[in-house]
Amino acid sequence: MRKFLISAAAAAAFFQLAAAQTVVVSDGCATSEAFYDSNGWTASAEGLTGTGSGNPLWARRIFSPKEFTVTAELSIAEWCSGAPRVTIGPVNCGFDGGISNEFFLETDLASAVTLSSGRDFVTPGKPFTLTFHGKNGQMTYSVNGQKLGDYVYPVSGPLSVSINPWRATLTVKNLTIEATPAGTLGDVMPFPVCSQLLRIDEDGECALPLVDFVAGKYSATLDSTEGTVLVPDISVTFDDDRIAVIDRTALAQAYAKLGGKHNVRVAVLNVSVPGRGSNYRCRLVLTDPATPAVPAEGKVVYRNGRGSFVVNGEEIGSFAGSSGSNTGRLATESLTRFGKAGVDGVVFYDEVNRFVDAQGRLDRERYARYLQNGMTAIVGRNPNAHFKIFYHLYMPPAWCKAHPEEVVRLDNGVETLSNTPRKSLQPSYASEVWRKQMGEILTESIRIMRESPFADRIPYIRVCYGNCGEWNNFGYTEQAYVDYSKPMQRAFGAYLKEKYQSAESLQKAWGRSDVTFDSDNLVPSRENRWKGGDFVRANGAEGMPSVDYYEFFQKFAAETVIHFARIVKQASEGKMLAGAYFGYYFGHYGVNPFHFQDCGQYGVPWLLAAPEVDFYGGPYSYTQRLTSLAVNGITGSIRLAGKIWETENDERTHHSSGERNKMFGATANLSESIAMCKRNVMLNLEAGSSFYYYDFVRDWYWDPGYMETVAKMREIDFALRSGAWENPARLAIIFSEKTVPYFTSRNDNMILRQAGNYFKKDLPYIGMPYDVYLTTDLAKINFSRYDAVLFPNCTYADDGLIADIHRYAAGNGRKLVFFHSPGLVNAENRFDPAQSEKLTGIRIAFDPEKTVGLMSGKYGRTRLAPVRFRTEIDDAEATALGTWEDGAVAMAEKQFPEWKSIVICHHAPDVAMLRNLLSDNDVHVWSGGQSGLNQCMFAGPLLAMYSRSAGNQTFRLPEKAEIAVDLFTGEVLARDSSEIDFTSPAEPHTRIIFAGKLNDYQQYFQKGNK
């Protein structure tokens, strides 16, 4: 049984509130003033030793913030960047953090401050003393008597004190606090949850958290979480170790009255404690073993162009969940807040490798206990929770050491990986031993889940692997190319045999007489990957090893995901949804070396075709999030396949501390956080995507105003799902996966870098709705809805692709717009201007030595810095629309009987230029006035504008709307008009407007307006 230490003497001491020295740990022994998990800490001659991020040692009291001194004598076992810390109120006073094992100070309200390298003061295994003196909001941090720095702390309420080992192994020799006690820990830690799952067929004997009263028998009730009394007038007995005994009859009665659809249900124990001043309340998580949970069933549905997961027959909408656990940390009150907003999906971070031995065997009992403990704590905080299992396919270091032939090999000889268990090298994607054993472990894990009392809450598994579990191939943090292991060489050889059939054909294609399908050096070297021009390889046989490898690896990475998704489906009898992090099209685009082609995430067509895969997705791009944002995947193709792109909505709020979070878009205040919340939700509603909030269990989303916005946006999501709305997009953008292997892999490929930035940062400013697809889906797209089709990266084109573009996209007067170098590279990895002309009908010339500089003409001018590899129009029959600085034609059009071709010889033409061009070609532009400077979003009858500066704004509609209303203020902006005028404030702001029929507004959106 899990026990927490408290004595009757300690409980009585809580009521002595005179200023004094509080001794929590003395000479390595915990006193009655300590509160900790006795299973997580062990006593020895050296002191009290603990490890784990969810394993704090607390002072039982809380203290006045006016003045205090906290003194801790500690030692750490080893340097591991484990980030242990002393926490005083909201201030984390850390050490052994970051690359250089720094001392640091941070809160969720302010940026982290690094004070010094820990190596200057601390030797592993030897004691050191930390002292924190606070007075009137200013705190000094000292180590071994030497001051490191000052920090501001809040003085608005009492302060708790704790020591948390996090990922380090930490020994506490002494901990004392000189301050005025101001209450007990239970006063500042609401909603305590008993972490023990209680059966209703036996008396509940359990260790309850934060008990601050003496042993004895007390009167109590069992209530619902809403406060309804379920079972009145029961008695509960507490012993000196805080163990409570609750009669089984009372538990069964409460369970029955709770009712509901789940096996596991949540009641509240409400204990009347004389002299305490308030009742002691604790949530109890109950299960009925006589009625096993029916395993959950997950599905995917689309309504009005918007995808949703369905859990046990209930459509949950776009808001799929929030963080529940991460690397040992469990969320607490954020789960309750999201539950109240109707967001019940909970991310559960499953580190199964912790329970696997060197032979690949799963410790079933320990793993089942790990799942049950974590899920109990989560359901106790959100009784309606269901679980999104993030299942990590890593093997433990002992397995990797025992199977050296199966792990990845890096080209620079590095033998560690940054984001894996203990930085160990992990199995190659191609390791058949790993695939088999990990498949068996996954199968057994799912069996355990389906036998669990929580089985009816587990409809979803995301298989995670690669760097950070995101199927980013290993090596980019090590600046290394992978994978040169024997399993990967064999897998690549099998692919080459399928492609070339004979060794002679392979030798001819590669220009190498020594190569066979069994060669041990098939995976191309760093030097080969970097060969070729500034932009594309186009170096024939010399570059074909890299072209072939990148074609192979995109497919192989996708097929590895499918392999494990298939196991999920088989083990769950088809009931569980299966997916992965994958398809980061815009975030990785052009980020060479090590990311773009090497991530393996451009094998999306195979996932789209796989019935075993229900969803995939990932975070937004991490650059310049405050100014603009785009969903990171090709969402039009996903909708066509009936699957869901699921965004990891890890938006940083004003509670996200540190320079790294600032770089990733941390906001300045609550108002800006709310503006970002609205914008990011609208982005996903526009794309028809699902998303979940992900704060790494750091509680970034706790403001009432922010959570009210979440709840309101969720109402808007379901309103969109209820009506039959037309897709407003009249522009399709078609991206080519087939081009990816032909790009040069060097980091000086500036055309790729600029194009990647353009796709994710500039296109969102175009001021009109658009859909994005892959060229592999040309035959499935309903082109009749589009007035123009954009091909921004179709540099490679074979005869089949050209035929498909002409057959499906051209026609009905449609305008086809091509960027930079359409069709210029052929399957032999050579430049082929004739192939380009065959694609576009407009002849171009190219010069790898000339620069793409300033383009200007009828529709405006470009602004990007010049880069090498210029194309120009070389067709007297085409009508010139723009020129390079030297007068060469840089943009032209040509009218064909059924369609118009437009070639822009720039890889990232200015968005204003592109907007003007499209407008002149009968594509409706929605934004006007100053709104072209802001990001606009469109979802059915909803228009949204995200702005960061004051100004008059205008939306111009294709036809009149009966009414236009701000959905958050209820302000009517226009009636019977095709123009909507409004003013943006100076601060960051997102305005969401309904524009359409009055009856539709009243029926679907008016309810809930504030």
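A word on pLDDT before anything else: it is the predictor's confidence in each residue, on a scale from 0 to 100. This is a predicted model, and its mean pLDDT is 92, with 95% of the residues reaching 70 or more. Residues 1–18 are another matter: their pLDDT is below 50. Even so, that stretch has 54 contacts in the model beyond near neighbours in sequence.

Now for the holes. The structure has seven cavities of 30 Å³ or more. Here are two of them:

| Cavity | Volume | Lining by class |
|---|---|---|
| Largest | about 300 Å³ | 17 nonpolar, five polar, three charged residues |

In the largest cavity, 25 residues make up the lining, and Ala630, Val631, Glu686, Tyr770 and Val772 sit nearest the centre. Strand 49 gives the most, four residues. Other elements that supply at least two residues each include helix 13 (635–640), helix 15 (670–687) and strand 38 (770–774).

The second largest cavity is lined by 14 residues, with Phe535, Tyr589, Pro792, Asn793 and His907 closest to its centre. Its largest share, four residues, comes from helix 17 (residues 750–762).

Three strands form an open, antiparallel sheet in the order 24-25-26, with strand 24 (298–303) and strand 26 (314–315) at the edges. Strand 25 (residues 306–311) joins strand 26 through two bridges; Val310 has Glu315 of strand 26 as its bridge partner. Helix 16 (residues 704–722) lies across strands 24, 25 and 26, at about 105° to strand 25.

Notes
Residues are numbered from 1 along each chain as its sequence is written. This is a predicted model: local features need pLDDT of at least 70, side-chain atom pairs count only at pLDDT 80 or more; totals for chains, interfaces and linings use all residues. Side-chain values use heavy atoms; hydrogens and water are left out. Two strands pair if DSSP finds at least two bridges between them. Contact means heavy atoms within 4.5 Å. Axes are lines fitted to C-alpha atoms, for helices over the stretch in contact, and angles run from 0 to 180 degrees between N-to-C directions. On a 1 Å grid over the protein atoms alone, a cavity is a set of points where a 1.4 Å probe fits but cannot get out, and a pocket is an open set with protein on both sides within 12 Å along at least five of seven lines; lining residues have an atom within 4 Å of a point. Grid points are joined across faces, edges and corners, and a volume is the space filled by probe spheres set on the points. Ala, Val, Leu, Ile, Met, Phe, Trp, Tyr, Cys and Pro count as nonpolar, Asp, Glu, Lys and Arg as charged, and the others, Gly among them, as polar.
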